Amino acid sequence: MSGELLAFFILALIAIGGGVLMLNMRKVIHMVVALVFTFLSIAGLYVLLSAEFVAVVQVLIYSGGVSIIMLFGIMLTRHNDRSEVSGGRLRRFLAGLGVLVFFAIIFYGIKDLALGGGEILLSGQSQGGDQALYENNTEKIGISLYTNYIIPFEITSVLLLVALVGAITLAKRDEAKELNDDE
Amino acid sequence: MVDYAWLVPLFPLLSFVILLFFGQRWRSGAAYTGVILTFLSFVVAVTVLIDQIGGSTAAVTFDWLRIGDTVLSMGFAVQPLNALMLALVAFVSFLVQLYSKGYMAEDPRIGIFFAYLGLFTFSMLALVISPNLLQFYIFWELVGVCSFLLIGFYYYKEEAKAAAKKAFIVTRIGDVALFIGMILLFWQAGSFAFADIFEAVEAGNIAPGMVTLTAILIFVGAVGKSGQFPLHTWLPDAMEGPTPVSALIHAATMVAAGVYLVALMYPLYLASSAAMLTVAIVGGFTAIFAASIGLVQRDVKRVLAYSTVSQLGYMMLALGVGGYVAGVFHLMTHAFFKALLFLAAGSVIHAVNTQDIEKMGGLWKKLRFTGPLFLAGALAISGFPLLSGFFSKDEIFVATLGAGRWILFAIALIAAFFTAFYMFRLFFLIFQGEARHEEKDVYESPGSMLVPMIVLGVCAVLGGYVNTAWFGTFLADWFGSSTNSLGIDESGGSPGVTIIATVVVLGGIYLAWLIYGKRAISREWLSGRVPWVHKVLYRKYYVDEGYHHTIVWFTSGFSRFLGFFDRFFVNGLVELSAVLVRAVGGMVRRLQSGQVQTYGTVVLIGFVVVILIMAVTGGYFQ
Amino acid sequence: MNDLPLSLFLVLALVLFCVGLYGALSKRNAVIVLISIELMLNAVNLNLVAFSKYGVIPSIKGQVFALFTITVAAAEAAVGLAILFALYRTRGTVNVDDMDDLKN
């Protein structure tokens with residue numbers, strides 16, 4: 001067993017364990033903390049996949065930003081709330097059944113999937129391309145973003161702006177209303 | 001003038017339309033409108049009649065409907081028979097409307113009444129000038145509707161409502177038969193036009209069996225309309241309508257339509273001796289059957305109604321034994337004296353406010369005009385020598401004997417005896433003896449009621465002279481001149497028959513006088529000896545009860561069964577589907593919980609099912 | 001360095017996706033529902049990055065796409081939480097079960 005595979009299994013175990021813990025925790029805050037482990041292990045998997053920049057972004061945005069926002073959200077609403085499973089037993093059963101069947105079918109579809117890239121790598125013919133992925137990774141992403149994907153990039157920035165303005169507007173209007181109610 | 005015969009029905013229709021719009025507001029105005037327009041119609045009808053006697057005929061048709069090669073036409077035709085009927089109907093209708101002006105003066109719905117009368121007259125006149133069977137049938141049904149409306153005119157009386165329904169339903173039975181006969185004829189002859197049908201019959205294009213069948217079916221229609229046995233029960237009940245309506249129905253419009261139909265389809269009957277025999281037997285039986293019931297009834301209008309049934313039986317008998325002229329002749333004279341009798345009876349009822357003859361009596365001195373006029377009518381209908389009924393009945397006797405139907409002849413004689421007896425029973429009970437009524441002030445009717453009666457009285461006395469064996473057979477000549485093909489036998493008078501008939505009639509009157517006038521014979525003589533005879537007669541041979549316990553019982557039972565079936569089976573199916581839909585709706589409603597996660601679950605399951613199907617069928621992974 | 005089969009990553013991503021899906025469909029707290037959706041997005045990102053290395057034509061494009069997804073997911077989380085606050089202020093609850101205005 002190579003060190004790479006070992007690393008993969010450890011990270012995968014942490015990721016799945018975090019997810020399953022999230023499902024089984026009683027307290028909402030514990031759930032979010034469990035998911036932070038998952039997000040971090042996914043960042044480690046990105047490193048395994050020669051994507052250092054994406055891994056760093058993952059740590060920054062998910063483990064940092066999103067988790068913190070979620071924690072704030074929980075605390076601002078009802079921080080001692082316990083999240084029970086919602087809906088009737090029937091619905092939960094149906095959802096679980098649906099997910100399991102979905103998993104089974106997709107698993108059946110992908111269990112032996114190996115696309116050309118892996119074989120090429122194994123034969124060592126496109127070694128250069130593989131090498132290129134983790135050499136100067138950030139530079140390559142930057143060049144790609146500002147050349148081929150400049151328009152999606154700009155649109156994404158507009159989307160972020162809209163999300164920012166929208167989030168502020170939603171929060172602010174309600175604040176004004178609350179103020180009026182208080183007065 | 002013959003070409004303008006279509007104007008005759010138009011005036012009463014105009015009256016109907018005008019009164020439909022304005023009749024509610026006008027009172028005497030409504031009466032004047034009806035009377036004047038009907039009078040115009042009568043004038044035109046008389047000119048048409050005169051013209052027709054001069055020899056001109058008319059037949060105008062235009063296409064109404066074209067289906068493939070078949071053309072249904074409308075139009076009008078004038079022959080001797082319907083020219084006579086036109087004048088007769090318009091005449092009687094005019095007099096009845098004039099009479100109604102006085103009789104109905106106090107009724108709040110007089111406008112509606114005259115509107116109905118207008119429609120009734122229109123339907124009958126239009127029926128008479130119809131050149132084809134389809135048009136005839138349309139107006140035939142319209143006559144039925146009008147009779148329904150008029151019999152049920154006092155709709156707030158239960159009896160009137162029941163009588164109207166009965167009249168409508170019973171005549172419908174006949175109408176269905178007529179309709180079937182009509183369609184069969186159309187199928188056989190390829191046309192509704194009378195001329196085409198007769199042509200086909202004479203040319204032998206229709207099988208003899210079919211001729212007999214259609215003739216009898218059409219006769220059943222006439223039986224329903226003319227109140228022949230066994231469909232006669234509606235006619236006496238129809239007395240619930242206002243008296244002028246009874247006069248109109250009995251004299252000119254409704255019941256005459258049946259006799260007119262048989263007379264009109266005469267070539268068809270001549271082609272089938274079986275049909276002729278049926279007509280004769282039904283007619284003869286009805287004549288004596290109804291006359292015997294009339295002997296014991298206590299309601300004056302009911303007696304007159306059974307008398308009408310009986311006289312219509314005479315007409316059918318005459319037609320059935322080949323006495324075409326005799327039948328039509330009797331139809332005409334009967335129109336006069338029966339209208340007179342009804343109007344006179346109406347006048348009496350108007351005066352004493354009762355229809356029970358046991359509660360009348362001694363009215364001769366108080367009703368100076370009505371009494372003699374009633375007497376004239378009674379003498380005429382009885383066949384007293386030299387009055388109109390004498391000549392027309394004589395014709396019928398002669399025709400029956402000429403055809404060799406001895407039994408029918410005897411029946412007709414007995415019926416004549418009965419007729420004379422019950423008419424004079426009526427006369428003596430109403431006008432002679434002591435007063436038994438409760439009304440203190442008995443007044444003669446107003447002029448507008450008397451004038452029509454006087455005119456009809458004159459006609460009833462003199463109407464017979466258009467066709468007598470002694471002074472000239474104008475009517476027969478006229479019919480014979482234009483319609484030779486009918487095979488009318490020019491039977492001259494037979495002195496022997498005349499003498500026998502006269503003796504029978506005088507015997508009937510004398511017996512009535514003995515019992516009810518002089519009281520030499522106790523009134524209970526018969527009912528005391530054989531009470532069941534009286535009872536059977538009084539209950540009209542239990543025909544109504546019989547119908548009630550068989551046909552009505554069966555029909556209502558069957559209807560109840562169908563109602564049960566409908567309520568529990570058909571309705572159950574409907575409710576089952578409703579319950580199913582509601583259950584499904586309830587289930588679906590629970591899905592619409594508004595909860596996002598439920599929707600998400602449903603979407604997931606749907607998606608999973610889709611990919612499952614793909615995986616199983618190998619859509620993607622093969 | 002390059003002997004890991006593609007299917008390992010794909011199966012891991014599938015497991016994470018299913019966990020997220022089940023959490024999104026069955027948890028009551030709206031915050032947890034949102035974070036479950038983030039988990040699902042992460043699983044997709046993992047697929048994208050895996051394909052960028054072991055795909056038919058290995059290239060940097062998969063990583064760029066993963067970046068875009070992360071951006072959009074962050075924006076979604078922000079707006080989702082803002083809506084959640086607004087709802088909490090008006091209704092006083094973050095339970096998904098109680099948010100059934102669609103029903104009425």
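Predicted model: local features only at pLDDT ≥ 70, side-chain atom pairs only at ≥ 80, totals over all residues.
Biologist: What makes helix 8 and helix 13 of chain B roughly parallel to each other?

Modeller: The axes of helix 8 (residues 208-226) and helix 13 (residues 273-294) of chain B cross at roughly 25°. Angles under 35 degrees count as roughly parallel, and the two helices are therefore given that description. Their axes come within 9 Å, and the crossing of helix 8 of chain B with helix 13 of chain B is right-handed.

Biologist: Which residues of helix 8 of chain B meet helix 13 of chain B?

Modeller: Thr212(B), Ala215(B), Ile216(B), Phe219(B) and Val223(B) lie on the helix 8 side, and they meet Ala274(B), Ala275(B), Thr278(B), Val279(B) and Val282(B) in helix 13 of chain B. By class, this contact has eight nonpolar, two polar and no charged residues.

Biologist: How do you know that helix 4 of chain A and helix 1 of chain C are roughly antiparallel to each other?

Modeller: Helix 4 of chain A and helix 1 (residues 6-26) of chain C pack at an angle of about 165°. Angles over 145 degrees count as roughly antiparallel, and the pair is therefore described in that way. The axes of helix 4 of chain A and helix 1 of chain C are 10 Å apart, and helix 4 of chain A passes helix 1 of chain C in a right-handed crossing.

Biologist: Which residues make that contact between helix 4 of chain A and helix 1 of chain C?

Modeller: Helix 4 of chain A contributes residues including Arg92(A), Val99(A), Phe102(A), Phe103(A) and Phe107(A). From helix 1 of chain C come, among them, Leu10(C), Leu14(C), Cys18(C), Leu21(C) and Tyr22(C). The class counts for the contact of helix 4 of chain A with helix 1 of chain C are 14 nonpolar, three polar and one charged.

Biologist: How many residues of chain A and chain C are in contact?

Modeller: The contact involves 81 residues of chain A and 65 residues of chain C. Helix 3 of chain A gives the most to the side of chain A that touches chain C, with 14 residues. On that side of chain A, 50 residues are nonpolar, 20 are polar and 11 are charged.

Biologist: Why is strand 1 of chain B said to lie largely in the open?

Modeller: A residue is buried if 20 or more other C-beta atoms lie within 10 Å of its own. Of the 10 residues of strand 1 (residues 58-67) of chain B, the number buried is one, so the strand lies largely in the open.

Biologist: What makes strand 1 and strand 2 of chain B a pair?

Modeller: At least two bridges are needed for two strands to pair. Strand 1 of chain B and strand 2 (residues 70-78) of chain B have nine bridges, in the antiparallel sense. Ala58(B) stands opposite Val78(B) in strand 2 of chain B. The two strands form a hairpin with two residues between them, and Gly68(B) in the turn has a positive phi of about 60°.

Biologist: Why is Leu142(B) called partly exposed?

Modeller: Leu142(B) has 17 other C-beta atoms within 10 Å. A residue with 20 or more would be buried and one with 12 or fewer would be exposed, so Leu142(B) is partly exposed. Leu142(B) belongs to helix 5 (residues 133-151) of chain B. Its C-alpha atom is separated by 9.0 Å from that of Leu127(B), 15 residues apart along the chain.

Biologist: What is the secondary structure of chain A, and what is that of chain B?

Modeller: Chain A comes to eight helices and zero strands, whereas chain B comes to 25 helices and four strands. Of the 183 residues of chain A, 27% count as buried; of the 622 residues of chain B, 54% do. Among contacts with a separation of 6 or more, residues 24 or more positions apart account for 54% in chain A and 80% in chain B.

How values were computed: Residues numbered from 1 in each chain as written. Chains lettered and ligands numbered in written order. Contact = placed C-beta atoms within 7 Å. Nonpolar A, V, L, I, M, F, W, Y, C, P; charged D, E, K, R; others polar. Axes fitted to C-alpha atoms, helices over the stretch in contact; angles between N-to-C directions. Parallel < 35°, antiparallel > 145°, perpendicular 65-115°, else oblique. Left-handed = near helix turned anticlockwise from the far one by under 90°.
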